[in-house]
Amino acid sequence: MDSFRKYNRITGWIVFVIASFVYLSTMEPTASFWDCGEFIATADKLEVGHPPGAPLFMLIGRFFSLFAKDPQHVAMLINSWSALASGLTILFLFWTITHLVRKIYKPDNDKLTTGQILTILGSGLVGAFAYTFSDTFWFSAVEGEVYATSSLITAMVFWAILKWENEANTKYANRWIILIFYLIGLSIGIHLLNLLAIPAIVFVYYFRKYQPTPKGIVVTFLIAIVLLWLIMYVIIPGTVIIGSWFELLFVNGFGLPYHTGVLFYLVLLITGIVWGIRYSLRRKKPILNTALLSLTVLLIGYSSYTATVIRANADTPMDQNNPDNVFSLLYYLNREQYGDRPLFKGPYYNAPITDIQYTKKTWVPKDGKYAVIKRKVKYVYDPRFTTIFPRMYSRDANHIKDYKQWAHIRGKPVQVNLGGKTQTETVPTFGENLRFFFRYQLGFMYLRYFMWNFAGRQNDIQGHGDVIHGNWISGIPFIDNPRLGDQAKLPSHLKNNRARNRYYLLPLLLGLIGAWFHYKRAGKDFWVVMLLFIFTGVAIVVYLNQYPHQPRERDYAYAGSFYAFAIWIGIGVAGLVEALPKKIPHAGKALFITLLTLLFIPGLMAKENWDDHDRSGRYTARDFAKNYLSSCAKDAILFTNGDNDTFPLWYVQEVEGFRTDVRVTNLSYLGADWYIDQLRRKAYDSDPVPFSLTRDQYLGKRDIVLIRNRINQYYNLKELMRFVADDNPKTKIPSPYGRGELADYFPTNMFYIPVDSAKVVRNGTVPPWSADKIVSRIQWNYNKNVVYKNDLMVLDLLSNNEWNRPVYFAITVNSSSYLGLQNYFQDEGMAYRVVPIREKDRNPEAGRVDSRIMYDNLMNKFVWGNITDPHVYLDENNRRMLSNYRNVFSRLASTLIEEGRKDSARKVLDKCLQLIPDRIVDFNYFAMPLINDYYLVGDTARARNIADRLVENMKEELDFFLTLPRNKMTGLDQVIPLDMYILQNVAEISRQYDTPERQKQLREIYNKYSKILQTS
């Protein structure tokens, strides 16, 4: 072994140890928000997560979970796999950079000088550590998600093709090609983003084997695209599609048991591959042999999905899409529950629907056969409102507003016939379509993230296009201020945000130097890295076709692109070394530049990023999930809606065994037949959800139930559900969607459920102290034109439950999902219980408060995730949830004050400030009730203190906004009025309770800003 290879290996492993130490020491010790709780639960119990699944990650996670001493350590061990996988990614990045820089110096494997060795290793160190401490990669490295493992596979695949390049002319070179295809097969069971490295791999092969020509480059590019297409759209789904043909033939045609056709198909497939490999060996066809072996190992890697099918057949408690047969597996792999988005041709957001077509069949096992229960609906649009490369397609009103803002839509007028009336609609132009693509999808949703990683980040607050949230910054005033306003005048809560990271463009500049140097000294390799950069960046932007106002920041999707740029950061070190005068000894130059760039690039990035990437000691996702469950009575059914009020709850139930008597029911899933099937089964200590609809009554049916008000009075909901469930054609009306079909409907939107007062007191639905408030029936209006299946199933449950089990809605559920029941809600902490007590509308709050139950929950039962530790970093997601908690505390305090229990109210208020001071969450809109309540309990000093801090926050924000030109005010149309509303409200509270001098002071502040805003 020559000295370079020895030093390269040793240094690489040192880099791995350092990177792994960083990630292990900063990782979250339990489940994180978003998908992590679900992934950890599916790994620990080998269950089926959301489509398209990640079975290989699940199996790896299960292996790590086996070493947990108790359930509380399962998440930590699975998170540690992400940390180690990320450390290995940095190892392969280091070796990739050193390989590419070595080629610049000695492409023919000649002996390297000491200076060259130092330059190569220095390049690897700087590039690898720059990526180690980069914003996006570090975020994914410290949580139990698939992206760290996905990055590792991408790094290994790219490194493997470089290893092949070294041995391309040797007898065993093709082993690297076969390894690459095996890794690609494995990656299918983790995340499909890895496939986008394929074009770069193909070009490494082309440049090594052939002399490049313009025609050859074009042909190679086409081959790369075809190979990518074959794997994504032929092999992955096609393997299953062909299996479904055999399954349908054998089961429906031959009358054989389920799975017989699939088993026959697998035997046939394996036999064919074995025969092909033997044929290629006998006839000495090495290319065919390599191709068949590559296909074989790819399918072996892909076979991790057999674990998904096996576990789905076990009917695990979490069994999303229930892919227990070849048809549901195909549905699962294609992510069909999320709907379609147009890529190459499609409608604009306001395209009139001219027809409905029924296309793909949905097959389900039924009575020993497979039966079609419905067909996929495809809408046909007015061709004048369709375009190639459609970017603005979402029909959501908020998205349409954003489309118009980002694309400055003026459009062209078109006459259309809608409902028999001719009216004028505006069709966006193709230029406006492209403007949205470049400004929002490419600029805001990719380049902004790119600059986060290599220039600097403004803060951790999700941005939607305004100048104060989530933008990139450099830390250089003459670059930042013209774009975002004078950063020295920012409000203190933004200026002191832990995620305000400034790199002064240094990583970006070194990467650009590296890219230029790479292009000049090794043009072929430059284009290979460029392909990796583009296909894991811009190509993903095109493929995702994201609508505005995404639920969260999406930078994690582009980690592969940032990986490619980190290669150029490393090569930039060699570029700087070569730029210095030749009279300086090479070894001295290399050492100086390496140390300098290590200090000012990875060193600076580590310093800036550590405080907002260190999640050690944070238990909020786990503990807040427990608080939702602790808010519920025994054997409750809890309706949730989003990722963060569902997945962490599933985690604490599935992994830690906490409150498994509560059935967490996600309203977003409740429209899916497979999910209704699962809810009808017992899970741990939770009995089946009491639906009255049978499987035959909901399977493929009643996705939409119309409302036609033919009865102008309140009607028993149970009787109405029987009417809707009746298959008699006399209970139907003609479908408004045509084709002579009949539709289910409710003959009224006025519902009631009777109440047995003795029963609801006896079983604890209503506590004895509230028994005098019980109504004889709960009645309400359902104020929508149609009932979608998820709402239908909630109505069915309520009508059939007969007050036997407690029913709750999480407080984070959108009010549009309340079904009109909010006057019968009882706030018990982090959930509203449906009770037979009517409370008049109390905007913006829902229902009433049972102060005894809520006090016990908040003050005694709830746990707080170590939030009071000043070293624990709480990102925007955590702070937003703590704002909800602040509101819960203030609502309880207000109720206690109304009841005359001021001492208890004071304890609640003090605990709120002890747990959630403005050091953790700035005083904002939800702080106003605290001011009012402190006045009412007699603590004027505390009320004034909160008011002063809140007013100062609003003044700082308004002072900054007033420095902005009009063209920088986009997106602030709600922020400024809210600030003024808060100032006005604080002044009004002071008018009620404080001295005339203080009243005058606060009124003058409000009047001052009101006058300025009116005249500006």
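Stop 1: Select helix α26, residues 647-654. Eight of its eight residues are buried. Buried means under 20% relative accessible area, exposed means over 50%, and partly exposed lies in between (1.4 Å probe, protein chains only). Helices (H or I, at least four residues) and strands (E, at least two) are DSSP runs, numbered from the N terminus. The buried residues are Phe647, Pro648, Leu649, Trp650, Tyr651, Val652, Gln653 and Glu654. What do they pack against? Show α2 (36-45), α4 (74-105), α25 (620-630), β9 (637-640), β10 (663-666) and α27 (673-679). Contact here means heavy atoms within 4.5 Å.

A note on the source: this is a predicted model, in which local features need pLDDT of at least 70 and side-chain atom pairs count only at pLDDT 80 or more, while totals for chains, interfaces and linings use all residues. Residues are numbered from 1 along each chain as its sequence is written, and side-chain values use heavy atoms, with hydrogens and water left out.

Stop 2: Move to arginine 659, in the loop between α26 and β10. Its phi is near 50 degrees, a positive value in a residue other than glycine. Most residues other than glycine have a negative phi, and most peptide bonds are trans. Arginine 659 counts as partly exposed because its relative accessible area is 21%.

Stop 3: Select asparagine 545, in the loop between α21 (538-544) and α22 (559-579). Phi of asparagine 545 is near 45 degrees, again positive in a residue other than glycine. Is asparagine 545 buried or exposed? It is buried, with a relative accessible area of 0%.

Now go to proline 51 and proline 52. A cis peptide bond joins them, with omega about 5 degrees. Proline 52 is in the loop between α2 and α3 (55-65).

**Stop 4: salt bridges.** Side chains of opposite charge can pair when their charged atoms come close. A salt bridge is a side-chain nitrogen of Lys or Arg within 4 Å of a carboxyl oxygen of Asp or Glu. How many salt bridges does a search of the whole structure find? It finds 48.

Select aspartate 135 and arginine 457. They form a salt bridge, with the closest N and O atoms 3.2 Å apart. This pair links distant parts of the chain: aspartate 135 is in helix α6 (residues 135-141) and arginine 457 in strand β7 (residues 456-457), 322 residues apart. Both aspartate 135 and arginine 457 are buried.

Next, pick arginine 891 and aspartate 827. Their closest N and O atoms are 3.2 Å apart in a salt bridge. Arginine 891 is in helix α33 (residues 876-898) and aspartate 827 in strand β19 (residues 825-827), 64 residues apart. Arginine 891 is buried at 5% relative accessibility, and aspartate 827 is buried at 3%.

Then try lysine 784 and aspartate 791. Their side chains meet in a salt bridge (3.3 Å, N to O). Lysine 784 is partly exposed at 34% relative accessible area, whereas aspartate 791 is buried at 7%.

Finally, select Glu28, Glu143, Arg615, Arg618 and Asp875 together. Salt bridges link them in a network.

**Stop 5: a nonpolar patch.** Val226, Trp229, Leu230, Tyr233, Val234 and Tyr543 make a nonpolar surface patch of about 540 Å². Patches are made of residues with over 30% relative accessible area and no salt bridge: like charges are joined within 9 Å, nonpolar side chains (Val, Leu, Ile, Met, Phe, Trp, Tyr) within 5 Å. Accessible areas come from the Shrake-Rupley method with a 1.4 Å probe; for residues, only the protein chains shown count as cover. Helix α10 (residues 214-253) gives the largest share of the patch, five residues. Valine 234 is found in helix α10 and is partly exposed at 32% relative accessibility.

Stop 6: Select alanine 743 in strand β14 (residues 742-746). Alanine 743 is buried, with a relative accessible area of 11%. Not counting residues up to four places away in sequence, it touches Leu706, Lys732, Ile733 and Ser735.

End at serine 394, in the loop between β4 (386-388) and α15 (397-407). Serine 394 is buried at 10% relative accessible area.
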